[in-house]
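Please keep the sequence and the model in view while reading.

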Amino acid sequence: MAVESFREMLKIDEDLTVKACSVAMKAHRSSDQLIQVENFSGSSSSEAVIFSFPGSGSEKDWFSDASFGAKSAKGSVFSEYLRSLGTDEAAFLNEAFLQKFEYIRKQLQDKVEEAVKGNKKIVFTGHSLGGPVAVLATIWFLQEYVKPQNAKPPFCVTFGSPLVGNHILSHALEREKWSGYFIHFVMRYDVVPRILLAPLSSIQQQFNQILNFFKLKSMSAGYESSEITNDASNFFTSVMRNASTIASHVACNLMGSTNLLLETITNFIQLSPYRPFGTYVFCTENGKLVTLKNSNAVLQLLFYSCQLSNETELQTVAYKSLRDHFAYESELKENLLGMQDVVSIDPLEKIGVADERINQALDDLGVSTAARLCLLASGESEKQKRKNQDKIDSKKPEIDKILKELESYRDASKDHKVGYYDAFKLQKSQNDFKANVKRLELAGIWDEIIEMLKRYELPDQFEGEKEWLEIGTRYRRIVEPLDIANYYRHLKNDDTGPYKIKGRPRRYRYTQRWREHEERMEAGSSEESCFLAEVEELRTRTVNGIIPSSDIMTRVQKLLGQVEEWSHHNVIGKDVFLEESTFVKWWKSLPPHLRSPYINAQVLSV
Amino acid sequence: MEAQASSFEIGEMLSTFLASTPLLSEAWRLCSLASTTAPMRFVSELIGDVGYVAFSGIQMVDVSEPASCREMVPLESASGLIGGLFHPLLSAHNEGEEPLMLQGGLLKLFFGCQNFRDQVLAVLEKSKSMVFTGHSFGGSIASLYALWLLCYLHSSSSSIPIFCITFGSPLLGNESFSRAILRERWGGNFCHVVSKHDIMPRLLFAPLLTHQLHLLLNHWHLSMASQQIGNPAGVLQVPDEDKAEFLRFVLAYLERASQLAVEGERREMFWPFGSYLFCSKEGGICLENAVSVIKMMHLMVATVSLDECIMDHLNYGDYIGNFSSQFLKRRNFMQGGLGPCSSYEAGLALALQSSGLAWQEPAATPAKECLKMARRSDRKPILNCANLAVTISKMMPYRALLGWYKTFCDESDDQMGYYDSFKQSGSSKKGHKVNMIRHKLAIFWNKVIRMLENNELPYDFHKRGKWVNAAHFYQLLVEPLDIAEYYRWGTHKVEGHYLEHGRERRHQIFDKWWNEKTALNGEGNNKRSEFASWTQDSCFWARVEEAREWLANLRSENDPRKKELLWENINNFERYASNLVERMEVSKDVVAKNSSYTLWVEDLRELKSQVQQIRP
């Protein structure tokens, strides 16, 4: 196989990358300007606008608390995309970084609008603390301009950037297929991309000295200091110890450990929530560029590439871990524009077989045997996720077949005046029983899928797949009424409470959230498949001469409004309006002023 | 969910994880502090939110009795004296297994330290989580304290994380003890650090004589107490041939234990619990499989001198120091890549290297086998459980079919309801089909129980909601049919009544699971608005059958004393049943017009009115 160039691998021009680096370093030096904009017209490709953000700061620009300073993205500008859909878990982002981004957002927006109007390619970049701002700006640009307005997709190139968010950030970017737009350069020993693997409390003693060194160094590239040696060693050791904890914890899980010890100990220590995402480019000391994408593997490499070959190296490496944070510009000029030696270690399985180039590259990064096993385990786990998906993909035809059978059950029930919901609830005929068996078969398949999603055992892209969204929505609309019928037939509301609160299976909650996300609907607005549960609940409260409370009346009115709308959009079936159906019987029992002509017309029409 | 085939050895990675945390080094620091400054007591310290309690390694163990120190005493009899300290643990014991046994002297030691309990609770109040630790015998006390606190917190259903780290501590109890801990899901709360050659954790496999133990203990205590001054641990002043003899003696028993552990009589044998972290100068490996722990204990000391074995009991400071800084250093066992090895082989080689066994040592091959075996048997229960989950999902249609059958019975014209219809179904095709399903489900659930009792399923299987619920639902569905079947053939006339003599074990076990679950969650009992779909007392019909017999007997009984007893039984049942009916905890088949219960109630009413007529 021919050796690919950097451009072929990452789809971004080398000269643009190098330019981004020097712009990022320049922003660093003139930190009074919050955003720097520069136009670029390269030799080969079209023009681009480079946005860069300054990168120095004090302790509070890193950590908002003594631990890791991470905060849920819920309620922030990123809450819509940066979450896992089914589980509805929001990503965690570094709070200080988020605040910094919020601070410049307005200003950024004006400048970005201009560039978008000119239909120019945008590159966000930043060195050091500028990196996270560039990352957040890119995500913001993707969700505000690329997704709704089809703007040209941006690039985000960071140099020695700290980590930004947890595994859900990485998961969400993969799902949206945005990961490919992010490229992070990391010098082998640069400590900055590793800092957030340690809690502030473990490094606080030296942190100010270290930041001070960075500040002086950023102002004059030639700055050196021998006084920092001790602090550097302690700082490096603390960061490495914590990096080791999180890397080995993740590795144990990837390797399938079942020992409960792992779980117990997490109660006694602080584990970093941060995880890498996007493409990482590690720069070896001998001019190689090593790229990889797998988030877990990058985490392992962040730790293992900094291990020492013997104790005497400590001081040298620790000092280098600070100095190298400023070596990106010269490194890239030399190794990207000149003779390139770029090695990709994806797919990670190649580590196992004797691939000379990859082996050499890993040796150049100082990757030990144990580390290689961790990288392999990362690859293996990704492979397993794909296998899991293959397995459930192969069940699609079966799901489709059973859904068709249930659809014809639904259509056949129309002839009996009651619709399939009520027929199923009564369970009079053999067909109702058969439908119940089919319901259970489908529940088995879907519960397995949901269980895997909950444990993140399917590829990140799964929840973004059109086909699964469609079949999920179809499943939810046809089968959920049967679950509701079963629930109220067996009076489970007496045992456990209302269906929507206590009894609704995850398989419907998840699939509903998929649709709401895809269509950018408000949370909870695609509940059409379980409106009969609300009917059942309200039915017991509005009959038997009980005068309903105003609270109940509001619910009744809301529901009737929704039914009209859903019926209008054809997302609920006509069978709901059959003469003898639960809904119509209830509707008829309501006081006349609540009965709208629209629903009346529907009832008369079927 | 199919668990993937395992391609990684994890013992080494787990130990790397442990080594990178501050837990081991903090624990050891306090252990040595306790041994030098607080003999026979403990020291405590709050580090962050974590409360540490370290028991001194210097303890007065009662070894004066002539009986060998291998002797174990039942935990039940001992803890009965002080009011069920270990109640949750004892109730995790399965009938038919050996009782929970602990080393007598160590248990006594714990009871001797009882007055520390209030002080420990005071530390607990200030901490968000707690670590118990101790060197040597101190570790045994730490283990028992951790267990006691776990039991204590269990009954007050609070969940403060507890962790116990011992250094070179002797074994504590038997296999039942270890299993009870696993069943309570506490296996992950214990980590026993054992250095490569330390003889102490291996000692109790051999029936030692009192004076030998005395000599050893004295030697160790002296060295521990003097650690502060930095004295190198001296050498035991005993003739060389005696030392060799002693070591041969211990090793012979250790070897025998490692054979018995694999196949053989494990009763009255000491058995490890929790995880073991074996550490050497090269690193460490962490194991939880008990059989492989015993085997590794043997393999790691196969070729050493007694002096080394005795010294190593005092070397934990060096091991931990070295171990806790290993994360900084790159550790390669071969140049470059993985070469031709599979990832599993490479992992194994790494694990062996970390345990300090050289590739060419004779012990290396059995050690490799031992690690492979551990990995296999650790994974087997998980695979089995996953397979069972697949099987049970295939049983879903059966459940639906029974539900459908019940509706059919409940709504048919004869109005007998589920129980009586099945009882009288005779050779009807439907009845036959239902009976087949009943059999299939019974076979499945019996298999589940058999696997659980043979330890082929995860130890906490009976606490997993999915399975407890499934078993409970099965019971509600099928037990009425089991009862019907029993009475249909008049089995009760031969064997006695169902409740006492005919109830299958599975139902009793599922009762226990369900009761534990509901006791824990305190199921809210809302009043029902309609009859339950399934009668909530799955034995209801068996009680009806007995009540029917009482009523029949009453008519033919002449002895007034016996009559009185029968009336009492009948009235009790009547009260119980009508209460259930009133609370709608029964399904509607109970009150069907022609059900045996309805008939019985009528019968009773008739009898009562007759009695009334006789008695003016």
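How many salt bridges does the structure hold over all chains? The structure holds 72 of them, a salt bridge being a side-chain nitrogen of Lys or Arg within 4 Å of a carboxyl oxygen of Asp or Glu. This is a predicted model, in which local features need pLDDT of at least 70, side-chain atom pairs count only at pLDDT 80 or more, and totals for chains, interfaces and linings use all residues. Residues are numbered from 1 along each chain as its sequence is written, chains are lettered from A and ligands numbered from 1 in the order in which they are written, and side-chain values use heavy atoms, with hydrogens and water left out.

One of the salt bridges joins A:Arg520 to A:Glu80, with the closest N and O atoms 2.9 Å apart. A:Arg520 sits in the loop between α21 (506–518) and α22 (531–542) of chain A, and A:Glu80 in the loop between β3 (70–72) and β4 (83–84) of chain A, so the pair ties together parts that are 440 residues apart in sequence. Helices (H or I, at least four residues) and strands (E, at least two) are DSSP runs, numbered from the N terminus.

Next comes the interface. Chain B and chain A bury about 5,700 Å² between them, 64% of it on carbon and sulfur atoms; buried area is the accessible area (1.4 Å probe) that two parts lose on being put together, summed over both. Chain B gives 65 residues to the contact and chain A gives 65 residues, where contact means heavy atoms within 4.5 Å. Between chain B and chain A the count is one salt bridge. The side chains of A:Lys428 and B:Glu411 meet in a salt bridge at 3.4 Å, N to O.

Two backbone features of chain A follow. Most residues other than glycine have a negative phi, and most peptide bonds are trans. A:Gln427 is not a glycine, yet has a positive phi of about 50 degrees; A:Gln427 is in the loop between α16 (419–426) and α17 (430–454) of chain A. The peptide bond from A:Asp346 to A:Pro347 is cis, with omega near -10 degrees, and A:Pro347 lies in the loop between β12 (342–344) and α13 (356–364) of chain A.

The last topic is helix packing. Helix α3 (residues 95–117) and helix α4 (residues 130–149) of chain A pack at an angle of about 55 degrees, with their axes 9 Å apart. Axes are lines fitted to C-alpha atoms, for helices over the stretch in contact, and angles run from 0 to 180 degrees between N-to-C directions. α3(A) and α4(A) are therefore oblique to each other; angles under 35 degrees count as roughly parallel, over 145 as roughly antiparallel, 65 to 115 as roughly perpendicular and the rest as oblique. By class, the contact of α3(A) with α4(A) has 14 nonpolar, one polar and three charged residues (Ala, Val, Leu, Ile, Met, Phe, Trp, Tyr, Cys and Pro count as nonpolar, Asp, Glu, Lys and Arg as charged, and the others, Gly among them, as polar).

Helix α8 (residues 229–254) and helix α11 (residues 314–323) of chain A have axes that come within 8 Å and cross at roughly 85 degrees, which makes α8(A) roughly perpendicular to α11(A). Residues that meet include A:Phe236 of α8(A) and A:Tyr319 of α11(A). The contact of α8(A) with α11(A) has seven nonpolar, five polar and no charged residues.
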